[in-house]
Amino acid sequence: MSNPFSLDSAFSLASENSARARYTRGRGPLKLLKAWPAVDRSAALKAEHAFKQLPRPAKDPKLQSRARQDPISRLLRGESVKNRSGAT
């Protein structure tokens, strides 16, 4: 499961499916499962990091969900989210 930040997801997907991307060369073709808009680059990168930290069983429901109150959705809106240690 790949989940990179991208300003142009269509271009990113096309380049990963082309022979130019070494890592995905033998793993394609890839398909875009879901894309979420973010308020800015910082919010997108924070949400990407939070999503990557989830275990696989927690990622699949997020891909199916339309909920907007989970921590990743709040990060995409630029809101601060407290982590388990209490820090933001």
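Helices here are DSSP runs (H or I) of at least four residues, strands are E runs of at least two, and both are numbered from the N terminus. Keep in mind as you click around that this is a predicted model.

Start with the cartoon view of the whole protein. You'll find 4 helices and 0 strands, and reading along the sequence gives the pattern α-α-α-α.

The protein exposes about 6800 Å², with 54% of that supplied by carbon and sulfur atoms. Of its 88 residues, 23% count as buried. If you like drawing contacts, look at those with a separation of 6 or more: residues 24 or more positions apart account for 49% of them.

Next, hide the surface and look for aromatic rings that pair up. How many aromatic pairs are there? The count comes to 1. Select Trp-36 and Phe-51: their ring centres sit 5.9 Å apart and the planes meet at 55°, so this pair is tilted. For that label, the angle has to fall between the stacked cut-off (under 30 degrees) and the edge-to-face one (over 60).

Last stop: bring the surface back around the pair. Trp-36 is partly exposed, at 31% relative accessible area.

Methods. Residues are numbered from 1 along each chain as its sequence is written. This is a predicted model: local features need pLDDT of at least 70, side-chain atom pairs count only at pLDDT 80 or more; totals for chains, interfaces and linings use all residues. Side-chain values use heavy atoms; hydrogens and water are left out. Buried means under 20% relative accessible area, exposed over 50%, partly exposed in between (1.4 Å probe, protein chains only). Contact means heavy atoms within 4.5 Å. Accessible areas come from the Shrake-Rupley method with a 1.4 Å probe; for residues, only the protein chains shown count as cover. Rings of Phe, Tyr and Trp (its six-membered ring) pair if their centres lie within 6.5 Å; planes under 30 degrees apart count as stacked, over 60 as edge-to-face and the rest as tilted.
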